[in-house]
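I'm keeping a few notes as I look through this structure.

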Amino acid sequence: MAGQLLRVSSLATAVFASSGFYLYHRQLDLNDLSVVRFGRAAATTAVISYDYLTAFKHVEYGTEEYGVLISKLSELFILFEENPQGAASLAQVHKAVLHDGRTVAIKVQHPKVQRQSSKDIVVMEVLVRVVHWLFPEFSFMWLVEEAKKNMPLELDFLNEGHNAERTANMLAHFPFLKIPMIHWDLSTKRILTMEFVDGGQVNDRDYMKKHSISVNEISENLGKLYSEMIFVHGFVHCDPHPGNVLVRKCPQSKKTEIILLDHGLYQILQPDFRLDYCRLWQALIKGDMSRVERYSRRLGAGDLYPLFACVLTARSWTAVSAGISSVPVTHSEDVEIQTNASLYLPQISRLLNRVPRQMLLLLKTNDLLRSTEITLQTRASSSSFISISRCCIRAIARHKRSKAQSRMRRLQISLAESLDLGRLTMYEMFLWVKSSMLVHWLAALLAFLH
């Protein structure tokens with residue numbers, strides 16, 4: 001078995017990364033199956049040539065849009081930095097200044113990506129079929145299917161711009177969220193021009209300390225954003241790796257902001273799926289095992305529902321059974337999960353082939369958010385569970401109101417929703433008072449000891 005795992009490790013990494021079993025960032029180790037994450041394999045090209053990573057001055061060898069933009073640089077900008085601010089597999093970003101003085105970020109798609117991507121998917125499909133032929137217990141066709149579906153969307157920068165605007169409008173009630181404004185008159189399918197917004201990466205604790213940004217506040221607000229997207233709206237930004245989530249102090253208000261970038265990869269959740277997912281998370285938080293089984297099965301897990309619950313929460317079955325909100329995360333639990341994870345590789349492969357395709361990007365998103373919590377050392381905080389609970393209550397109540405036949409019934413549903421949210425707020429206040437008192441007692445104890 002060990003020999004088989006070694007030979008398929010290049011593909012097995014995708015499974016482990018999406019499972020949430022591997023929880024820590026480490027130095028690159030080719031023997032560590034958590035190095036490569038499912039999302040990057042499913043959402044970007046598998047092979048990117050070196051000449052894609054050239055500076056903007058070489059872009060004229062690409063498509064017509066590049067040549068047009070190059071020839072009009074002086075007309076469009078008073079300053080254009082040829083050296084990119086950042087480069088990734090699909091594009092690189094340049095900083096420029098418009099004639100009216102506004103600073104913009106220009107995302108330019110690498111030459112040949114459009115042509116290369118289809119070849120890469122073919123190669124990926126061949127490799128997946130070969131692995132399945134050699135080792136029938138491993139089936140990764142879901143990876144190919146997701147790549148075929150998501151690649152064209154990520155290569156269309158106009159689609160990315162529309163996603164950004166939709167999310168900005170959808171989450172406008174969060175004052176801490178900043179999504180750069182799109183300049184449509186300077187954008188095409190392969191060039192996206194947007195407002196330039198600077199900040200530190202969400203996992204950069206040194207940057208946060210230097211700029212007096214609270215890691216707990218960032219972690220809590222990030223949880224609110226994604227709980228709202230997943231459970232209430234079902235329109236989910238699925239690439240929250242640190243390069244796409246920045247933090248800063250707003251120059252005008254001096255308040256902490258989260259900047260959400262790269263809106264090419266989104267998942268739209270179907271209403272029935274989203275509501276079942278809401279109810280599953282409510283059951284996981286409370287430790288209601290009959291409902292955990294029921295809604296896991298409805299989401300396609302079948303008799304693998306215990307594994308599904310562990311994959312979804314990155315917690316042991318003992319913690320899941322007791323209710324993940326009531327059992328603190330411990331180092332021994334993490335070690336147990338990492339030690340036993342390789343034993344479940346065939347079952348994980350079966351599980352990922354069973355669940356709806358919508359679930360795959362959610363698993364990847366959970367994994368990336370969990371990694372950020374680990375880096376910020378806020379994983380043990382209860383704020384994420386409170387945000388999930390609050391959004392689940394709202395989502396289910398809204399659904400019930402839409403089905404209600406009378407005004408009285410809608411009023412009853414709204415009243416029950418208000419009571420549930422009120423109890424949750426009181427519980428949150430209790431936790432805050434409890435932690436404040438604990439801090440006060442510790443301070444008094446330290447003062448006494450000294």
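I looked up Cys-391: its sulfur is 7.2 Å from the closest cysteine sulfur, in Cys-392, which is too far for a bond. The cut-off for a disulfide is a pair of cysteine sulfur atoms within 2.5 Å.

How many disulfides does the structure hold? I find zero. Cys-278 is in no disulfide either, and the nearest cysteine sulfur, that of Cys-392, is 4.1 Å away. Cys-278 is buried too, at a relative accessible area of 0%.

A note on what I'm reading: this is a predicted model, where local features need pLDDT of at least 70 and side-chain atom pairs count only at pLDDT 80 or more, while totals for chains, interfaces and linings use all residues. Residues are numbered from 1 along each chain as its sequence is written, and side-chain values use heavy atoms, with hydrogens and water left out.

Next, the overall count. The protein chain has 19 helices and 11 strands; these are DSSP runs numbered from the N terminus, with helices being H or I of at least four residues and strands being E of at least two. Of its 450 residues, 51% count as buried. I also noted that, among contacts between residues at least 6 apart in sequence, 69% join residues at least 24 apart. Contact means heavy atoms within 4.5 Å.

Then I turned to helix pairs. Two packed helices are described by the angle between their axes and the distance between the axes. Axes are lines fitted to C-alpha atoms, for helices over the stretch in contact, and angles run from 0 to 180 degrees between N-to-C directions.

How do α10 and α18 cross? The axes of α10 (residues 215-233) and α18 (residues 383-403) come within 9 Å and cross at roughly 25°. The two are therefore roughly parallel to each other. For angles, under 35 degrees counts as roughly parallel, over 145 as roughly antiparallel, 65 to 115 as roughly perpendicular and the rest as oblique. Residues meeting here include Glu-220, Gly-223 and Phe-231 in α10, and Ser-383, Ser-387 and Cys-391 in α18. By class, this contact of α10 with α18 has six nonpolar, five polar and five charged residues. Ala, Val, Leu, Ile, Met, Phe, Trp, Tyr, Cys and Pro count as nonpolar, Asp, Glu, Lys and Arg as charged, and the others, Gly among them, as polar.

My other pair was α13 (residues 305-313) and α16 (residues 345-354), which pack at an angle of about 85° with axes 10 Å apart. That makes α13 roughly perpendicular to α16. Leu-307, Phe-308 and Val-311 of α13 make the contact with Gln-347, Ile-348 and Leu-351 of α16. I sorted these into five nonpolar, one polar and no charged.

Ser-219 counts as buried at 10% relative accessibility, and, leaving aside neighbours within four places in sequence, Ser-219 is in contact with Glu-373, Leu-376 and Thr-378. Glu-220 is partly exposed, at 24%. Not counting residues up to four places away in sequence, Glu-220 touches Ser-383, Ser-387 and Glu-428.

Conventions
Buried < 20%, exposed > 50% of the residue type's maximum accessible area, 1.4 Å probe, protein only.
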